[in-house]
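Here's a quick tour of one protein model, going from the whole chain down to a single residue. Have a look at the structure first, then read on.

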Amino acid sequence: MAVQKLPLAKALNESLRKALETDPKVVVMGLDVGKLGGVFRITDGLQKDFGEDRVVDTPLAESGIVGTAIGLALRGYRPVVEIQFDGFVFPAYDQIVTQLAKMRARSLGTVKMPVVIRIPYGGGIGAVEHHSESPESLFAHVAGLKVVTPANSSDAYWMLQQAIQSDDPVIFFEPKRRYWDKGDVDVDAIPGELHKARVAREGTDLTLVAYGPMVKTCLEAAAAAAEEGKSIEVVDLRSISPLDFDTIQASVEKTRRLVVVHEAPVFFGSGAEIAARITERCFYHLEAPVLRVGGYHAPYPPARLEEEYLPGLDRVLDAVDRSLAF
């Protein structure tokens with residue numbers, strides 16, 4: 001049966017399995033990805049089925065892991081690196097920014113860098129410090145990197161395969177608190193474009209733009225607003241770099257109002273770029289300023305306070321009400 005209902009985590013596992021089966025040059029590597037199957041079990045069973053040479057348990061050394069992946073890519077492999085938690089990526093940031101992102105341009109396009117770096121990101125799981133970050137804007141700002149994030153099981157399955165097939169480096173952010181959310185996955189479908197946004201819910205009064213973990217929150221907000229007679233459109237970005245501004249623009253030209261939602265801090269977040277660009281593109285269509293909802297410009301708090309930090313239903317609906325009041 002082509003269509004299966006899978007948790008997002010299992011969809012990622014099946015996607016990696018498919019990639020390993022299809023291309024002998026695909027190599028999965030990272031801390032505890034082999035025998036343990038990863039802390040979230042995304043790579044569960046893969047080392048047993050494909051061997052230690054293709055699913056590699058690495059030392060705890062993120063810079064070394066990414067540097068090794070770059071070397072493997074130079075030799076014709078397609079490494080898929082797992083960074084165990086979002087806050088652990090920073091020791092590898094130098095390798096990612098100064099080497100991985102630059103190699104294609106440095107070689108005038110002659111060297112391919114088919115490296116995928118998987119990063120579980122975001123909060124909502126009651127974790128300790130360095131386990132609940134949302135650093136996507138730090139990577140989206142770097143030319144030479146593609147940055148994507150699925151919000152459901154189907155996109156998790158297909159977007160990961162498309163990322164692995166890309167000849168450019170892809171930072172693949174996985175919304176960890178959605179790992180256990182189930183959704184339909186059609187393994188025989190023809191996937192859409194990797195960097196194309198999708199309209200997750202149609203509406204006429206206001207557009208909510210989100211990605212990753214916040215898409216579900218925005219869909220819940222749209223459903224709640226509908227009970228009060230408000231028609232909210234929800235756009236799932238899917239790709240943060242490059243950004244599909246055309247889909248956002250088409251939605252805003254229809255609804256004339258925009259609220260951008262992400263878990264990362266509002267200050268210098270991706271919502272700022274979207275707000276600026278849509279204001280330029282849709283100035284004469286907008287009936288209210290573009291509003292942003294996100295985390296605070298503060299270190300991620302201890303687990304007992306994270307529900308106050310994370311954008312939730314009430315904060316999204318408050319922004320909706322403020323926009324519609326103009």
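## The chain as a whole

Buried residues account for 54% of the 326 residues in the protein chain, where buried means under 20% relative accessible area with a 1.4 Å probe, protein chains only. Keep in mind that this is a predicted model: local features need pLDDT of at least 70, side-chain atom pairs count only at pLDDT 80 or more, and totals for chains, interfaces and linings use all residues. Residues are numbered from 1 along each chain as its sequence is written, and side-chain values use heavy atoms, with hydrogens and water left out.

Here are some overall figures for the protein chain.

| Property | Value |
|---|---|
| Box filled by the C-alpha atoms, along the principal axes | roughly 60 × 40 × 40 Å |
| Accessible surface (Shrake-Rupley method, 1.4 Å probe) | about 14100 Å² |
| Share of that surface on carbon and sulfur atoms | 53% |

Contacts here are heavy atoms within 4.5 Å. Take those between residues at least 6 apart in sequence: 81% join residues at least 24 apart.

## Zooming in on Glu 233

Is Glu 233 buried or exposed? With a relative accessibility of 2%, Glu 233 counts as buried. Glu 233 sits in strand S11, residues 232–236 (strands are DSSP runs of E, at least two residues, numbered from the N terminus). A polar atom of the Glu 233 side chain lies 2.9 Å from the backbone nitrogen of Gly 203. Beyond its neighbours within four places in sequence, Glu 233 also touches several other residues, including Arg 201, Leu 206, Ser 251 and Lys 254.

Definitions and conventions
Buried < 20%, exposed > 50% of the residue type's maximum accessible area, 1.4 Å probe, protein only. Helix = DSSP H or I, 4+ residues; strand = E, 2+ residues; numbered from the N terminus. Polar contact = N/O pair within 3.5 Å; in protein donor to acceptor, adjacent residues only side chain to side chain.
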